[in-house]
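Let's get to know a protein model together, one question at a time. Take a look at the sequence and structure, then follow along.

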Amino acid sequence: MGFAPNCLIILALAPATSLATEQREATSAGANPIRRVVSMLERMQEKVTEEGEQEAELHEKFLCWCKNSADELHASISAADAKGPQMGSRLGDAESEGAKLTAEVEQHRADRDAAKTTMAEATALREKDAAAFAAAKAELNTNIDTVTKAIAAIAKGSGSFVQTDAAQALRKFVTVREMADNDRQDVLAFLSGSQTAGYAPESGEVSGILKQLSDDMKGELAAATEKEEAAIKTYGELMAAQKKEVAALTASIEDKLERAGKLGVQAVTVKAEMANTRDSHEEEEKFLANVEQSCAQRQAEWQQRKQIRAEELHAIAETIKVLNDDEALELFKKTLPSPDVSFLQVTSKTAALKAQALRVIQALPRHDQRGARPELDFIAVALQGKKVSFDKVIGMIDAMAATLKQEQADDDQKKEYCNAKFAEKADQQKAQESKIGSLDTAIAEAQEGLETANADIKALEGGIKALDKDTAEAAGQRKKENHDFTEVMAADAAAKRLLEFAKNRLNQFYNAALHKEKAPRVLTEEERITVNFGGNVPTAAPGGIANTGIAVFAQRGAPPPPPAALGAYAKKGEENNGVLAMIDLLIKDLDKEMTEAKVEEEQAQKDYELLMRDSAEKRKQDANSITERHAAAAALESDLAEYADSKASSAQALAETMKYVTALHAECDWLLQNMDARKQARTTEGEQLQEAKAVLSGADFS
């Protein structure tokens, strides 16, 4: 989420003016040092006032940020609350519609199988009837031919007809043919030769009987033929209707399978979107609580800061008044010591090496064609640590270098896989265009793709867990560093107050004009009522360091016991001034250390926030990749079902091969086009990591 740019908080901490340095310059120049000090105090007064105005402006910007952040977070949370039921409704609709389509597909398959069974039974019956008709037709044609030949032979008066094979065939036919018994007997008697030769009426009677038989058989053949043609027509109409129904059911099955697959992908997508919305909702609620708490705390700190600044300006004004006193000028001329070297000067070769290595790491791009690189943020955050282990950082660099090497190896392997698959699919497509084979290869490839998608999902989920673990470790380190910073600031602030208390106590003893009386404790309402009625309010026992009321707000052990009491104290007026000067130098060093600590804390916080943003972006990318893999897996499962139903269709096999090639292009084209750029980016990043490692390897760990 972005915030209004005019509400960004920019903390500008200007280094404190070196009072001791100017004091030494004034002394060496022979000028009146107190006048110089007064001038410095006046400049301090102006600077404190100017800083107050600048900080007031920054505080207004911070309040603006608080308001805008809270408003945007409230709006985002409300939108997520409203979005939840909508996504739940979408998910329920998709799952309900998917279940309905699945049930309809099963019913369509049953209806299609029933239609195919009906077609098979009708075909078998038609073949049986056709065979019976062919046999009957052949028998009738044979008998008609036999009777026709007999009629012709009898008409010619051939007496030798009864001795021919045709007469024998006619005899068999008449024996089994349904006809009048007297007609059968006349024909059989004629064929046995018992008639008197040349007896015309007997021959004419037999010829009439045979002609009647011929006409009857021709009528039977015509009726059977008409019946067969009608049966063929009925069979054709039945088959056309059943084929039309099968085609319609097949089209409906394919359409509803496709719709069910899309609904399945939609359901998976909505579930992932609901999970992401739920996670974002929880994170935003936590962030809103942190923003409200932080803003309330900063507002309280601002009120306290305003009060402290007012007191500081008052103290400076009183100090200027005191220092401008003539007697004070004379006293400081006598007692002003020469400056000494600060006790808290610290230089570190290790710090320089950290800074140099950090610059190298920060110069690396956080985003490139490979996406976000939170590993660089982890290294930068580690280098920001107070007690950083160079061995750990070098190990992180080596691990990242190994990761870069493994990524390049994965890309090379992926390139080989893509090229091999492109070549394989080109050959397969050509082979399928000439002769469509079995879809077992397509099914195996879909299963392999499904296994690959599941493996990718498992790997991505493992990567998210590892990223969450690293982010949690970085958050723990940031929390510890912030805790250390708080303790350092509390300790330095307490030390500074203690030194100021000591200085004020010495001023009370040696120079009452510079002493600042402790502000009276503000009575509570109950205590004021008690005093008004003449009662006494008990005074709490002094606490803090040496009963000064100053304490370090951090967890520490019990303070050591106070030293043994000494005898009567001999005043050492002139030494006291040197002590005060030394106290001033120590206060200055504490201010410097606190300023540096603030700058380091701000930089560490910025690096941590950058790490959190990059980690969140990386996590979002991986989560989106998981969603895409789930969708791809669902699509592959749908493809497997379609392959099983369309295994007998050669055109579907070719279409699925082309679909796989398209998916392979979508998977591989970007990698192949950006292979050189990704390799060059990894090479550059590896060289700079080795440079950072070389810098850190030169540190002295003894």
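**Cysteine pairs and helices**

C66 and C295 are both buried. Keep in mind that this is a predicted model.

Q: How many residues apart are C66 and C295?
A: C66 sits in helix α2, while C295 belongs to helix α5 (residues 200–323). The pair therefore links distant parts of the chain, and the separation is 229 residues.

Q: Is the disulfide of C66 and C295 left-handed or right-handed?
A: Look at the torsion about the S-S bond, which is about -100° for C66 and C295. Because of that torsion, this disulfide is left-handed.

Q: Which helices hold C418 and C668?
A: Both C418 and C668 are buried, and a disulfide joins them. Their pair ties together parts that are 250 residues apart in sequence. C418 lies in helix α9 (residues 390–434), and C668 in helix α13 (residues 650–673).

Q: Which backbone oxygen does the side chain of S69 reach?
A: Start by finding S69 in helix α2 (residues 33–156). S69 has a relative accessible area of 0%, so this residue counts as buried. At 2.7 Å, its side chain reaches the backbone oxygen of W65.

Q: What distance does helix α4 reach from its first C-alpha to its last?
A: Helix α4 covers residues 181–192, which gives 12 residues. At 1.5 Å a residue, a span of 16 Å is expected. The model comes close to that, reaching 16 Å.

Q: Where around α4 do its buried residues lie?
A: The buried residues of α4 are R184, V187, F190 and L191. They cover an arc of only 130° around the axis, so they lie on the same side of α4.

Q: What percentage of the residues in the protein chain are buried?
A: The chain contains 14 helices and 2 strands. A residue counts as buried when its relative accessible area is under 20%. Of the 702 residues in the chain, the buried share is 31%.

Terms used: Residues numbered from 1 in each chain as written. Predicted model: local features only at pLDDT ≥ 70, side-chain atom pairs only at ≥ 80, totals over all residues. Heavy atoms only, no water. Helix = DSSP H or I, 4+ residues; strand = E, 2+ residues; numbered from the N terminus. Expected span 1.5 Å × (residues − 1). Buried < 20%, exposed > 50% of the residue type's maximum accessible area, 1.4 Å probe, protein only. Arc of directions from axis to C-beta. Polar contact = N/O pair within 3.5 Å; in protein donor to acceptor, adjacent residues only side chain to side chain. Disulfide = S-S within 2.5 Å.
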